[in-house]
Number of protein chains: 6
Amino acid sequence: MFVDMPLDQLRAYLPERPEPADFDAFWDRTLTEARKHDLGAVFTPHPSALTVADVYDVTYAGYGGHAIKGWLLVPRGAEGPVPCVVEYIGYGGGRGLPIDWLLWPSFGWAVFVMDSRGQGAGGWRRGDTADPEPGTGPQTPGVMTKGVHDPDDYYYRRLYTDAVRAVEAARTHPAVDPGRIAVSGGSQGGAIALAVSALVPDLACALISVPFMCHIRHATQITDENPYAELAVYCRVFKDRVEEVFTTLSYFDGLNFAARSAVPALFSVGLRDGVTPPSTVFAAHNHYAGPKEMRVYPYNGHEGGESAHAMEQAAFLRAALGA
Amino acid sequence: MFVDMPLDQLRAYLPERPEPADFDAFWDRTLTEARKHDLGAVFTPHPSALTVADVYDVTYAGYGGHAIKGWLLVPRGAEGPVPCVVEYIGYGGGRGLPIDWLLWPSFGWAVFVMDSRGQGAGGWRRGDTADPEPGTGPQTPGVMTKGVHDPDDYYYRRLYTDAVRAVEAARTHPAVDPGRIAVSGGSQGGAIALAVSALVPDLACALISVPFMCHIRHATQITDENPYAELAVYCRVFKDRVEEVFTTLSYFDGLNFAARSAVPALFSVGLRDGVTPPSTVFAAHNHYAGPKEMRVYPYNGHEGGESAHAMEQAAFLRAALGA
Amino acid sequence: MFVDMPLDQLRAYLPERPEPADFDAFWDRTLTEARKHDLGAVFTPHPSALTVADVYDVTYAGYGGHAIKGWLLVPRGAEGPVPCVVEYIGYGGGRGLPIDWLLWPSFGWAVFVMDSRGQGAGGWRRGDTADPEPGTGPQTPGVMTKGVHDPDDYYYRRLYTDAVRAVEAARTHPAVDPGRIAVSGGSQGGAIALAVSALVPDLACALISVPFMCHIRHATQITDENPYAELAVYCRVFKDRVEEVFTTLSYFDGLNFAARSAVPALFSVGLRDGVTPPSTVFAAHNHYAGPKEMRVYPYNGHEGGESAHAMEQAAFLRAALGA
Amino acid sequence: MFVDMPLDQLRAYLPERPEPADFDAFWDRTLTEARKHDLGAVFTPHPSALTVADVYDVTYAGYGGHAIKGWLLVPRGAEGPVPCVVEYIGYGGGRGLPIDWLLWPSFGWAVFVMDSRGQGAGGWRRGDTADPEPGTGPQTPGVMTKGVHDPDDYYYRRLYTDAVRAVEAARTHPAVDPGRIAVSGGSQGGAIALAVSALVPDLACALISVPFMCHIRHATQITDENPYAELAVYCRVFKDRVEEVFTTLSYFDGLNFAARSAVPALFSVGLRDGVTPPSTVFAAHNHYAGPKEMRVYPYNGHEGGESAHAMEQAAFLRAALGA
Amino acid sequence: MFVDMPLDQLRAYLPERPEPADFDAFWDRTLTEARKHDLGAVFTPHPSALTVADVYDVTYAGYGGHAIKGWLLVPRGAEGPVPCVVEYIGYGGGRGLPIDWLLWPSFGWAVFVMDSRGQGAGGWRRGDTADPEPGTGPQTPGVMTKGVHDPDDYYYRRLYTDAVRAVEAARTHPAVDPGRIAVSGGSQGGAIALAVSALVPDLACALISVPFMCHIRHATQITDENPYAELAVYCRVFKDRVEEVFTTLSYFDGLNFAARSAVPALFSVGLRDGVTPPSTVFAAHNHYAGPKEMRVYPYNGHEGGESAHAMEQAAFLRAALGA
Amino acid sequence: MFVDMPLDQLRAYLPERPEPADFDAFWDRTLTEARKHDLGAVFTPHPSALTVADVYDVTYAGYGGHAIKGWLLVPRGAEGPVPCVVEYIGYGGGRGLPIDWLLWPSFGWAVFVMDSRGQGAGGWRRGDTADPEPGTGPQTPGVMTKGVHDPDDYYYRRLYTDAVRAVEAARTHPAVDPGRIAVSGGSQGGAIALAVSALVPDLACALISVPFMCHIRHATQITDENPYAELAVYCRVFKDRVEEVFTTLSYFDGLNFAARSAVPALFSVGLRDGVTPPSTVFAAHNHYAGPKEMRVYPYNGHEGGESAHAMEQAAFLRAALGA
């Protein structure tokens, strides 16, 4: 049985946001510190046998100056710089292989895929980037609770910072038009795209699919599916630190980024989604301050709208990228 | 716990084949009849917004002259006809959308995707082709038992015939080099590719991944996973027709096609595969009469070797297609 | 945890019905066409070794004049024509064996069991009737989506028509009193009995147990169990055809038949039923226009009231059949 | 994956039997004691509205003289005494309602259904008989471990004794031909029928379907399904009493009854049965000393051969009962 | 998805209590009868090799004068009588081994563990006490339905009486201070502690963790987990006796004991508890008439607050026991 | 169905060990380096309200000089130093609370519990120790693959080293008799105890219960349960690094430690254990070079012998510790 709110309630759902007073200061400080490291984006040609795109194995300095990997695929034969979609990855996955990223180049745009530090061994697309920061305490399997007792130490501080820097890195490649950058991702990738849409104001658009890390405390109260369940497991063990955990998470909750975003965004939601339940996705969408559209998939779960939604995204990108 | 044979036994496993005396006659007659219908392959340009390939919405006459749908993607900017990979689809899926088939065009080859008649509403890639033959009796959900009481009426007679005709249709397009055709598929798609490798001798190569429909009776005795389980359900209900069912299936068992194939083939198997158990895949590989290679994925299930295997396939294709 | 409405809300639940303007015209036309075919009911004595009833293997012309199978069991030793219960079968089952239908003859009534075309290989009671109409497109396993894009092509148009003709066939047998016919069924059988109760006005009564095909769109939104889930899977794949699907289904929704029925009916519902959730069953009951009783089984699921309910049905039949 | 032995090994499987030296003495003593109580079979006409059979609500003295309930259905209109099938019930069920037992009367034979003391509240057919003996210690839910530390106290001593007395009770009814009694049952019912076939030599035949309580220790080592799993749970808790438990069970193991039986028997087995795994059923069949036939259902589980097997049983009964 | 009420509604939830008119008379009569039997508490020194406590194997007369087992652990080296915690056990468990009860002696208090008659073979801690009363009818596996048709025969009448007598037995040991007795238990143990808190007025305090047997009918309507599900299974079978069952249970519902309790109590609840759902636990707490505290564990299920809650209990005990 | 080897084969099972040539050198070097850091064991009295033991919150320098937490409980009132059991914890758990460790002090022995670095947030006992080494690449959730590409970086190098240092730390406390130290643990704790039994020769004994990390490659081939499954997931993703992974693991495989151990050991195994399958446990036991005993629990899974085995351990300890 499906038990989240019915669609009409979802469309109107606007819960209170858990916003810390120094939210903006925190992120200003975080990005300022990160930018002290030389971005140092290196694009090494990668032999792929592909005929439609040039592939580059990318390394650049993310949070803490750490080496972050990525792939850049540039469509062959373009005249002048092309728009670029910066793609973020779902929970547990990594950058995979270049052939996993043929979609946007097939439309004539570059794609820059950011590897997720420390992820990419969860069973699907492989990763190639370590997270050189150790945990600061016991950790529930997965990265949700890595450093969760202090916003400064929390894993997602590093990951979101890497993501901002990924946009900056993409902009340095001569084949990329720095004025036409989109960000995109589903689930954790959607959470990242949402955060970046607030932290990097001059984006062309954001594709935010079934985003994770939104309305987090509510999510932990209604779903028993991972990765939100990692937080629940942690709070079960550390009964005395629950408030501390959610204080940290308030610096990373998509609702707060949504309220600060101004770039045009295309959201999607599956009404049968138990991983990122519809009420958490609508909460983000409804708080989103920029121009926005929502695609509702009533008979889908966390997979969202699949290839049909990719076609929606392509049309949205075409309009936003002027291409 | 995993319980199929250990790898060294799998490599040596060569079970008896259930071959009917008129196997070759049956297929000669079947294909001869099908070819009486005008192939009538029509390639209608399909607006896709893709910049790397021209997309054609294909219709051609399959078994019984029925209209079979497909997609043809031809890489743009090729000089002269290009090799073409004819791709067959796994159980329950359909041809989906053109953006689902960007892989081989990205290497410079055309791809011709055959829709599976009556399939494509199973939850993943959509189909657009009806199976205009009705069932000939009660049917276990799915197509495994459609017409299973008579080889002439059996669903897979039509599907395999469509597949042979798909190769013929691909060859009629001016952008395709008819001398350099490969067939490819996983699971049901692998079963089809295996059958076509025997029925169409002049192929460049066959990519047969975790093939279904091999060593069928054995499969129904050891696994309880679909789609083999559809046969078990049927036999549970029709206790008096079990031999009849397996007589029909002997005309479609991959072991018999394997013993007749001469084209170079690349197989793959996942040792944790409960859908097409390793012993059924090795039985097909070990009986395969043509040049063959096997890639073993010890920690994979029915998903097989994923993108890593796609790269293996690309290398194999490059060698076989001379491209 | 059980999550459908509590009992007091269920008793008052009267949702809007999705009624197409030409509902009555559609069914008039459908039945008129069907009746152009000669009913041709043939009752072949079937050797069963039973001593209490004569068994007939029945064939008659259903929708399209197609040959529909059935069993007729007539209690031995009756003086004059007896009342007859026309029984419809649940999803996936078929007419089974004559010994599966001893209940009503043991009370002195004939039973006429209609086979469900194309069903009867789903793992339980076998069927013996083909559905000679092919699908008109890709089909989710099962029959729920066979021809779902056009009311004229939809599987249940044929099945419901077969069911009306089954009553007519039963009435032709000399041992059956045509003025004392009841219809009965559970789940899909209940859906059929409900439809027939509206389409055949002169029935003695209808036994409608845990009926399927009621308040269909709502059902697909709240349950993830088959067979309603087949519709959800289909709508997931064909995202652009959801309205079309539910338009077709509005010609078959039990709520619309309920509003047209005048025969005395005995309903049943299990409050723990996840297959035909209580709110869908009460919606049908509450809209039912004829005399009606409801038996509520608070601790049962889709199995409903089991043999205890069969005894309730026997008492209800005795009163209605004057026997 | 299915992992019990393949069929050819099953057919030859003849494991050692765990036979206590005083097995025969134990059962002689047990039955002698039981027979000291007046059988006192009372047959009270039960209003059922059935027209094909007279129904009697039966009470007789079982083990310890305890009142055991049953149903007797006698076909109406028979000339002279009729054969009678004494039916035993599967685990957790009770005698249910008279309408649950129409099968054998429909063939012209009486049926005598023995209620299982203390069972009949397990979710399916209700029971009406208490087990007036308390447990002799802690008990795993279910009856498998009730009194398991002493053969004299063990639940199945009482149940098997009730079953022998049920045959004696059936023979006292004037409508029953005492010389033509069959015993029948599936699962626990099969275990009882097997035991009675050894303890009551002058039976016409025994129908022993997917019997439970055979090769018990082996069963507890290979299956994790109930009811054998109840023994495993008990042995997990009482680690120091495992040998004691299996010593008690050796007085009740079907293998020992099989070796003593002389009545013609029809066995059945489902090769996918995880409740009474095939090797335990074949062990009983292969040790069976009387004339025997086995029906193998390769694609069935514990449900065995269903109505198709009931027809096999009817034919076997007709031959054995001379009716 | 978690679907019981949100916390603020839980805190205010005060459902009607199902109180029979003779509730107090029933328990007065019950205890008066029990006390006619000599308590006869025997404390046999048990060799345990423990150095911190003396262990006694206890036997005393419970309900009906039946021999009930227990353990008494008395901390070594105490000067004068010590407070004692009487501990009751969760469903299916027994008194286990002395080393299972080291917690309270490690704080300097004695612990008296009452074995649960007939339980202790459910897979975890073993029991050593039989329930010498037989069932009075068919019984769903487990003890929930043993004698459920008459309050006088119901299993929990005996168990609760044993529990009252356990307090009395503990008070007879010279090392125990009879004026400082606490009762404690989780789940079924919590149900018992709650009942005893009402039946034995002069207790120092009660520790009532995730109590079972509270708001019973509601529980059977919302959860499908055992042991409440045993009642649902029973009511499914005995459809005509549902009211009878709940009448019996009204004599044992924790809500009625709560309304009569005056001893200081510490409750606990897990908001993800599907076994004793939060609304049933809060119903008991909110009706509790004595001084009370509640510890809420938002991310725990039926395991409740684990060792962290044990520390809460220790602090609560220290205050209540003046130790 | 249970499918590992039968008991007689298990007792004789002696598979080849995967031993790297520099196994001893690796561990010599590792421990030598660790010992360059000052052990610095600090024992801070911890207010626990316990009356039977003094509790110390322990910190000492483990691998890399990292601060490792632990608890020391010393029985009160002992005359002179007492023996001490050093306890290691199962996968995902941490040192929990002092009240979790009352068992050995209750027998008069001290217990020293080592926290597992980075673990203790997996849902059960909490941990308080960070692992200050970051991962060296993508990591499957859990610690099994942290640094798995190089023996020097592998998580278990640090954990095993911490464990050796824990023995050394325990020996520094004045209340502990350094000549009478036992090591103990189950599952991961058993793996650690086994390793320490080889690396610290002068132990009184080792209690190795259902040990993990034994015959590792075989384990990953037969079980799909965590934590071995973490390795399988990793190898599925990193198909090209499988040999590298198992080379690293050969430095940590319990079989190699077993072959080097000389201290008396008590093993235990559950024959239904799917987490550490019996064949992996027997492989370790059969290779164990020191005096050894094995307790087999035929009806237990990974929980092993529970409190009954704790009593076996207590007796074994008494003999070994001369206490």
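Predicted model: local features only at pLDDT ≥ 70, side-chain atom pairs only at ≥ 80, totals over all residues.
Chain D touches both chain B and chain E, while chain A and chain D make no contact.

- Let's start with chain E and chain D, where 31 residues from chain E and 31 residues from chain D take part in the contact.
- The size of an interface is often given as the accessible area lost when the parts come together.
- For chain E and chain D, that buried area comes to about 2,000 Å², with 59% of it from carbon and sulfur atoms.
- On the chain E side, the residues that lose the most area to chain D are Ala121(E), Arg126(E) and Val237(E), and together they make up 28% of what that side buries.
- Two salt bridges are counted between chain E and chain D.
- Arg126(E) turns up again here: it pairs with Asp240(D) in a salt bridge, and their closest N and O atoms are 3.4 Å apart.
- Now for chain B and chain D: here 15 residues of chain B contact 11 residues of chain D.
- About 1,100 Å² is buried between chain B and chain D, and 62% of that is on carbon and sulfur atoms.
- One salt bridge is found across the interface of chain B and chain D.
- Its partners are Lys239(B) and Glu306(D), whose side chains come to 2.6 Å, N to O.
- Some chains don't touch: the closest C-alpha atoms of chain A and chain D are 23 Å apart, and no contact joins the two chains.
- Chain B and chain E don't touch either, and their closest C-alpha atoms lie 23 Å apart.

**Two helix pairs**

- In chain B, helix H2 (residues 23–35) packs with helix H4 (residues 155–171) at an angle of about 60°, and the axes are 10 Å apart.
- H2(B) and H4(B) are therefore oblique to each other.
- The crossing of H2(B) past H4(B) is right-handed.
- Among the residues that meet are Phe26(B), Trp27(B) and Leu31(B) from H2(B), with Tyr156(B), Tyr160(B) and Val164(B) among those from H4(B).
- Sorted by class, this contact of H2(B) with H4(B) holds seven nonpolar, two polar and six charged residues.
- In chain D, helix H7 (residues 228–237) and helix H8 (residues 242–250) pack at an angle of about 150°, with axes 9 Å apart.
- Leu231(D), Tyr234(D) and Cys235(D) of H7(D) meet Val242(D), Val245(D), Phe246(D) and Leu249(D) of H8(D).
- The contact of H7(D) with H8(D) has seven nonpolar residues, no polar ones and no charged ones.

- Most residues other than glycine have a negative phi, and most peptide bonds are trans.
- Asn226(B) and Pro227(B) are joined by a cis peptide bond, with omega at about 0°.
- Look for Pro227(B) in the loop between helix H6 (216–222) and helix H7 (228–237) of chain B.
- Chain E has a cis peptide bond between Asn226(E) and Pro227(E), with omega about 0°.
- Pro227(E) sits in the loop between helix H6 (216–222) and helix H7 (228–237) of chain E.
- Over in chain A, Met213(A) isn't a glycine, yet its phi is positive, near 65°.
- You'll find Met213(A) in the loop between strand S7 (205–209) and helix H6 (216–222) of chain A.

Conventions. Residues numbered from 1 in each chain as written. Chains lettered and ligands numbered in written order. Heavy atoms only, no water. Contact = heavy atoms within 4.5 Å. Axes fitted to C-alpha atoms, helices over the stretch in contact; angles between N-to-C directions. Helix = DSSP H or I, 4+ residues; strand = E, 2+ residues; numbered from the N terminus. Parallel < 35°, antiparallel > 145°, perpendicular 65-115°, else oblique. Left-handed = near helix turned anticlockwise from the far one by under 90°. Nonpolar A, V, L, I, M, F, W, Y, C, P; charged D, E, K, R; others polar. Buried area = accessible area lost by both parts, 1.4 Å probe. Salt bridge = Lys/Arg side-chain N within 4 Å of Asp/Glu carboxyl O.
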